[in-house]
Amino acid sequence: MLDIRFVCDNRKKIEKAMKNRGMKISLDDLVSLDKARRESLKEVEELKHKRNNSSEKIAVLKREKKDAGNLIKEMQEVSRRIKEMDTEVKKVESKVREFLLTLPNIPHDSVPVGKDLKENKVVREDLSNKKAFDFEPREHADIGESLDIMDIPSAVKLAESRFVMLKGKGALLERALMRFMLDEQIKNGYLEVMPPLLVNKKAMTGTGQLPKFEAELYRCRDDELYLIPTAEVPLTNIHSGQILSEDRLPLKYVACTPCFRREAGSYGKDTKGLIRNHQFNKVEIVKFSKPGDSYDQLEGLLSDAEGILKLLKIPYRVVLLCTGDMGFGAAKTYDLEVWMPGENNWREISSCSNFTDFQARRMNIRHRDADKSVSFIHTLNGSGLAAGRTFAAVLENYQAKDGTVDVPEVLRPYMNGLERIDR
RNA sequence: GGAGAGGUACCCAAGUGGCUGAAGGGGCGGGUUUGCUAAACCUGUAGUGGGGUGUAUACCCUAGCGAGAGUUCGAAUCUCUCCCUCUCCGCCA
């Protein structure tokens with residue numbers, strides 16, 4: 001959410017930013033709505049002032065056993081008017097808020113302007129671990145099924161399409177990845193958390209999933225609770241409503257959780273294997289930062305995520321998203337993409353974003369400066385990494401000609417010393 | 001799920017319609033005195049959101065006693081709805 005004052009004072013800037021995101025938005029209504037809000041508010045507060053004074057006078061009169069009838073009569077009318085105006089002000093306020101909740105964040109100046117993913121910028125790449133295959137590398141779903149470590153038909157029978165069941169060494173590999181990635185992020189100074197996987201509406205609104213993206217969420221029938229689409233939601237909401245003291249910042253959290261996404265509107269896309277599922281495991285890292293150094297913190301968070309791929313020895317590149325491809329709440333986003341030799345393509349495996357004060361304003365997370373003034377903090381998050389997609393990347397990059405898969409060295413301690421996955 | 005008790009500031013807590021724009025403790029900040037790992041006394045302690053005036057410092061108004069609605073000239077206090085916490089019972093990994 002953007003600050004209403006900032007929006008009103010910087011219309012040109014906002015409208016340009018929205019245009020860069022590929023949105024056509026006019027702020028005329030919002031600005032006049034807010035003007036009306038301020039005028040009514042001033043008027044009603046003056047009436048309230050009058051009422052407060054008169055109430056006191058009435059109290060004094062009554063105590064002195066004098067007649068207060070006239071004043072009471074007068075105040076009846078004032079009170080009626082206050083009630084009327086309060087309703088009006090509230091209506092306008094909620095309209096303003098509703099509008100603000102649908103406005104995305106303003107992209108940072110360093111973000112390239114562009115229409116879609118074709119205009120994203122590759123910032124750097126590390127191909128030192130890219131292998132030359134002397135055979136035609138296969139896709140991960142193919143490898144997984146022939147090794148009998150991925151069972152899609154069973155998962156579909158139990159749930160529906162876009163679910164997968166891992167078995168045996170596959171389940172072990174997934175668990176190893178989760179533990180390895182968690183341990184690394186803990187080493188990087190993040191505090192591990194096991195959060196609720198179901199959260200309420202307020203939390204979903206805080207991070208920006210609601211109200212705009214309700215169709216992406218699984219919702220409980222009898223309770224006002226939603227399955228988390230990412231641990232970003234519970235982690236970022238940990239400090240909602242709080243004023244954090246500056247010496248605690250940055251706060252860093254990590255969680256490994258299943259994530260649930262309806263993937264509405266992606267029918268027919270990435271239907272094979274582990275790339276786009278309704279349920280997947282992900283290690284998420286979140287930072288609460290002072291406003292001043294959030295962009296430095298973003299670089300750090302990115303390299304924390306990147307470190308996993310370096311250790312796993314998987315070729316990857318860092319992509320800076322352009323304005324048209326960036327998520328709703330982000331001011332700046334780097335994607336980490338891994339090389340998938342079977343698919344002969346790059347795949348997003350992590351998305352690291354600075355949300356600036358966009359989420360903090362929704363959640364009301366603030367900090368106290370050295371000069372005692374209070375301001376919104378900045379939130380950041382990134383995957384470190386998505387386990388399912390990392391699983392796929394390991395299969396494709398570590399496959400051998402005979403259909404087996406080597407276990408990356410760093411994972412072996414987590415897999416009871418297992419060096420190779422075979423049948 | 002059933003029954004009961006609660007939710008007041010950083011914490012504990014008093015408070016059933018108007019000198020409560022919230023008593024009293026504790027904690028924390030400042031001060032005084034005596035002096036040694038501190039005590040006693042004095043004093044401050046509603047932060048914040050919103051609106052306005054002014055501009056380096058400020059001031060005024062308004063909201064705020066779990067949340068929302070209602071009654072009333074006036075609500076922490078009365079009524080309703082919801083949320084949360086605790087205790088007992090039931091169920092349960």
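R5, H49, Q76, S79 and K83 come nearest to RNA strand B, out of the 22 residues around it. Sugar and phosphate make up 76% of the RNA strand B atoms that come within 4 Å of the protein. A residue is near a strand if one of its heavy atoms lies within 4 Å of it.

This is a predicted model: local features need pLDDT of at least 70, side-chain atom pairs count only at pLDDT 80 or more, and totals for chains, interfaces and linings use all residues. Residues are numbered from 1 along each chain as its sequence is written, chains are lettered from A and ligands numbered from 1 in the order in which they are written, and side-chain values use heavy atoms, with hydrogens and water left out.

**Exercise 1.** Find which elements supply the surface near RNA strand B, and its make-up by class.

*Solution.* 
- Step 1. At least two residues each come from α3 (28-63), α4 (69-102) and β13 (366-368). Helices (H or I, at least four residues) and strands (E, at least two) are DSSP runs, numbered from the N terminus.
- Step 2. α3 contributes the most, with 13 residues.
- Step 3. Sort by class: twelve charged, five polar and five nonpolar residues. Asp, Glu, Lys and Arg count as charged; Ala, Val, Leu, Ile, Met, Phe, Trp, Tyr, Cys and Pro as nonpolar; the others, Gly among them, as polar.

**Exercise 2.** Is H378 buried or exposed? Describe its surroundings.

*Solution.* 
- Step 1. Locate H378: strand β15, residues 378-386.
- Step 2. The relative accessible area of H378 is 10%, so H378 is buried. Buried means under 20%, exposed over 50%, partly exposed in between (1.4 Å probe, protein chains only).
- Step 3. Beyond its neighbours within four places in sequence, H378 is in contact (heavy atoms within 4.5 Å) with K287, F288, S289, P291, S294, N354, T356 and D357.
- Step 4. The side chains of H378 and S294 are joined by a polar contact of 2.8 Å.

**Exercise 3.** How many helices and strands does chain A have, and how much of chain A is buried?

*Solution.* 
- Step 1. Chain A has twelve helices and 17 strands.
- Step 2. Of its 423 residues, 49% count as buried.

Definitions and conventions: Polar contact = N/O pair within 3.5 Å; in protein donor to acceptor, adjacent residues only side chain to side chain.
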